[in-house]
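Please keep the viewer open as you read.

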Amino acid sequence: MASSLNVLSQPCHPTILPSFTCCSSSSNTNNINIPSSNNFKLHFSSSKLSHFLTHSSKSGSGNSWLQHGFNSTNTAGINEYRQGPLYSVFPTKPAQVSSVQDLFEFICSGPLLEKIGVTAEMVAESIDKWLLYGRLLSQLFQLNELYLTVPQKARIYHYYIPVFLWCEDQIKQHRSTFKNEEDIPPLVIGFSAPQGCGKTTLVFALDYLFQKTGRKSATISIDDFYLTAEGQGKLREANPGNALLEFRGNAGSHDLPLSVETLTALSKLTREGMKIKPPRYDKSAFNGRGDRADPSTWPEVEGPLTVVLFEGWMLGFKPLPTEVVKAVDPQLETVNKNLEGYYDAWDKFIKSWIVIKIKDPSCVYQWRLQAEIAMREAGKPGMSDDEVRDFVSRYLPAYNAYLPTLYLEGPNGSDPKHLLTIEIDEGRNPILAT
């Protein structure tokens, strides 16, 4: 282990606002057939129902900061594990406050329940857990439960919580394969998802839920393994005229030995007192060309770890025959060759996978443009529309070449029993697979 991974620092934590979960009215529930509310009622005591409905925080209103969209840079601590701000936009029309029964029906209408093996009966039996997780996520994102919009409710109860429950089940299966006296390595869950689709915010939410429920977790991104500025310069010089390798991003622009070193070290954090400092990347350095962040800014990770959440836009991509990638873009030939080393550096460490599927890679451009516009409107440096177009164009050949195989066969080395594929729409919300 390199000394850079052992430097200790003080981690920061999100600022949490106290509140209790309040349930909003349900939206269309035609995605999954659930028992009618006439013959499948949740059996709550009046005191429990009163607790969840009357103890809700009444601070704030529909005219809160959220009215202009959720800007996660307002959430202290989100940069603990990621350089730069995150931007997500939620619609702002408030839904009516209703009952736990309505929330139950809303949960059961979600498109992911069947995929993760959860029935309406199971939701009813674990409704306290759903309420707890909903309260924690509302606190994390500074949402007032009295004014949750339907899209906000969907993001929490149709997306983040179901994914968290799936992760919990994967961890349970992973830990069951070890004997009691054995040190149990953390489960590494890979998140393969296009840029701008909300994967980093998803991982942020999952990481927070693990921490608040007593499990130690770590987050890592493929961005953290980019070459240094000097290494990127050498890569550019070695591939003159190849626009796909001019800047960071594609296969070849990552420090694979550092990846192996870091993931191996994280996998060994099985006991109290064991600590490492995984690397972080500063995308703002050198006028946006980027460089590895100073080790003094890297966050501390302490064992025993339960789970490692590893996310990236090209995780699980498989090398393809040369003629296939050249037909997409001749410049991909070198990228494809570079990709051959990524399984041993990344994918073999991942035992469970979440693949976020999109119908059209052109969504990446629209999402990136939205993020840059939001940054500019917030008074922060952001790319122009032409710069966004140029930036995304360097990734689209890889998306067009590798996503079909990823969606058809799964990530490189993945087990279908430990794979969750989530199809999202242009609003970044899960939908029923077609």
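L165 has a relative accessible area of 16%, so it counts as buried (under 20% relative accessible area, with exposed meaning over 50% and partly exposed in between, for a 1.4 Å probe and protein chains only). This leucine lies in helix α5; helices here are DSSP runs of H or I with at least four residues, strands are E runs of at least two, and both are numbered from the N terminus. Setting aside neighbours within four places in sequence, L165 is in contact with I116, K129, W130 and Y133, where contact means heavy atoms within 4.5 Å. L113 is 52 residues away from L165 in sequence, yet their C-alpha atoms are 9.8 Å apart in space.

Before going further, a word on what you are looking at. This is a predicted model, in which local features need pLDDT of at least 70 and side-chain atom pairs count only at pLDDT 80 or more, while totals for chains, interfaces and linings use all residues. Residues are numbered from 1 along each chain as its sequence is written, and side-chain values use heavy atoms, with hydrogens and water left out.

How confident is the predictor? The chain has a mean pLDDT of 81, and 77% of its residues reach 70 or more; pLDDT is the predictor's confidence in each residue, from 0 to 100. Over residues 1–39 the pLDDT is below 50, and this stretch has 109 contacts in the model beyond near neighbours in sequence. Residues 43–92 also have pLDDT below 50, with 116 contacts counted in that way. Where pLDDT is low, the predicted coordinates should not be read in detail.

Now back to Y133, one of the contacts of L165. Its ring and that of F164 have centres 5.0 Å apart and planes at 90°, so the pair is edge-to-face. For reference, rings of Phe, Tyr and Trp (its six-membered ring) pair if their centres lie within 6.5 Å; planes under 30 degrees apart count as stacked, over 60 as edge-to-face and the rest as tilted. This pair links distant parts of the chain, as Y133 is in helix α4 (residues 127–140) and F164 is in helix α5 (residues 150–175), 31 residues apart. Y133 counts as buried because its relative accessibility is 4%, and F164 does so at 0%. Another pair, Y159 with Y160, is tilted, at 5.4 Å centre to centre and 40° between the planes; both of these tyrosines are buried. A search of the whole structure finds 14 aromatic pairs, and ring pairs also link W313, F317, F391, Y395, Y399 and Y402 into a cluster.

Let's turn to the strands. In strand β8 (residues 352–357), 5 of the 6 residues are buried. Strand β1 (residues 187–192) pairs with β8 in the parallel sense over 4 bridges, and two strands pair if DSSP finds at least two bridges between them. Within β8, I354 is the bridge partner of F191. Strand β9 (residues 419–423) also runs parallel to β8, joined by 5 bridges, and there I422 stands opposite I356.
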